[in-house]
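I hope they are handy as you look around.

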Amino acid sequence: MQQVKAKKSLGQHFLTDLSVAHRIADTMSGHKDLPLLEVGPGMGVLTRFLVDAGHDLKVVELDGESVAYLQKHFPALDGRIIADDFLRLDLRAMYGDGKFCIIGNYPYNISSQIFFKVLEYKDQVPCCSGMLQREVAQRIAAKPGSKTYGILSVLLQAWYDIEYLFTVDENVFDPPPKVKSGVIRLTRNAVTSLGCDEALFKAVVKTSFGQRRKTLRNSLKSMLPSPPAEYAELLALRPEQLSVEQFVELTNMVAACRAGV
């Protein structure tokens, strides 16, 4: 059977262990009532289990060689293979205002960007799961106080409950990556509003972690040049010590100072 050559420029490492692929597919077993979009199917090792499970599946693949392979070996996906860059896709053009889920063995080189894009559609994506570099997966799932807790952790955990499910060793890929992989699942929480300006929240989080070794008083000087004394205790903390709720509080603090309240 003709194989697709992995392309370093696309961050391709093809999973070869069917049992791992089956476990990843099972992360969506509770969402068969919703359309499912697979990102970067490659040669379809995960795709086959999603098709067999009866998901209403579409796949998006940038690599032309992989697209040709999928068209030949997955006739059930006729008309459902999107030859495009996931990061450039208008998902509302595909799904309207309806809900859908996302899954994939995500390319390492764009995995963070993929999850930032999921955030853009947070009100339409109740569940997103898949495999990515273990370091990034652990960062997404990290809790406050952890050294790996960061921008992606806070922004995603504001809207999703996150589970780190299992680790995947390097030897089940072709070619083997230099790092281990991790499988995670994001399930939309009940939050409908953060209780603050969302754009400012994102800016506060990013600015705070821009100098993560400094206290918030120092890292947020550009946003809070003269903070009121009652904010001293919170501003004495470092960004990795703050929960999502505390970042919301911090955002409202910045907004109040800007408004002169």
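This is a predicted model: local features need pLDDT of at least 70, side-chain atom pairs count only at pLDDT 80 or more; totals for chains, interfaces and linings use all residues.

1. Let's begin with glycine 44, which sits in the loop between strand 2 and helix 2 (47-52); helices (H or I, at least four residues) and strands (E, at least two) are DSSP runs, numbered from the N terminus. Glycine 44 counts as buried because its relative accessibility is 0%; here buried means under 20% relative accessible area, exposed over 50%, and partly exposed in between, with a 1.4 Å probe and protein chains only. Not counting residues up to four places away in sequence, glycine 44 touches Leu70 and Phe74, where contact means heavy atoms within 4.5 Å.

2. Residues are numbered from 1 along each chain as its sequence is written, and side-chain values use heavy atoms, with hydrogens and water left out.

3. Do have a look at strand 5 (residues 101-105). Five of its five residues are buried, so strand 5 is largely enclosed by the rest of the structure. Both faces are covered: Ile102 and Gly104 are buried on one side, and Cys101, Ile103 and Asn105 on the other.

4. Which strands pair with strand 5? Strand 2 (residues 36-39) runs parallel to strand 5 and is joined to it by four bridges; two strands pair if DSSP finds at least two bridges between them. Within this pairing, valine 39 has glycine 104 as its bridge partner. Strand 6 (residues 127-133) is also parallel to strand 5, again with four bridges, and asparagine 105 has methionine 131 as its bridge partner there. The chain gets from strand 5 to strand 6 through helix 5 (residues 111-120), in a right-handed β-α-β crossover. Right-handed means that, with the strands pointing away from the viewer, the path from the first strand over the helix to the second runs clockwise.

5. On to charged pairs. The count comes to eight salt bridges, each being a side-chain nitrogen of Lys or Arg within 4 Å of a carboxyl oxygen of Asp or Glu. One of them joins arginine 88 to aspartate 85, with the closest N and O atoms 3.7 Å apart. Arginine 88 counts as exposed at 71% relative accessibility, whereas aspartate 85 is buried at 18%.

6. Another salt bridge links arginine 139 and glutamate 135, whose closest N and O atoms are 3.0 Å apart. The two are four residues apart in helix 6 (residues 134-141), so about one helical turn separates them. Arginine 139 is partly exposed at 25% relative accessibility, and glutamate 135 is partly exposed at 44%.

7. Glutamate 163 and arginine 185 also meet in a salt bridge, at 2.9 Å from N to O. Because glutamate 163 lies in strand 7 (residues 160-168) and arginine 185 in strand 9, this pair ties together parts that are 22 residues apart in sequence. Glutamate 163 is partly exposed, with a relative accessible area of 32%.

8. At 17% relative accessibility, asparagine 189 counts as buried. Leaving aside neighbours within four places in sequence, asparagine 189 is in contact with Gln157, Ala158, Trp159, Tyr160 and Asp161.

9. How many disulfides does the structure hold? There are zero, taking a disulfide as a pair of cysteine sulfur atoms within 2.5 Å. For cysteine 257, the closest cysteine sulfur is in cysteine 196, 15 Å away and so too far for a bond. Cysteine 196 is buried, at 15% relative accessible area, while cysteine 257 is partly exposed at 27%.

10. Finally, helix 11 (residues 244-259). Its buried residues are Val244, Phe247, Val248, Leu250, Thr251, Met253, Val254 and Ala256. The cover over these buried residues includes helix 7 (151-157), helix 8, helix 9 (216-219) and helix 10 (232-235). Just after helix 11, glycine 260 takes a positive phi of about 75 degrees.
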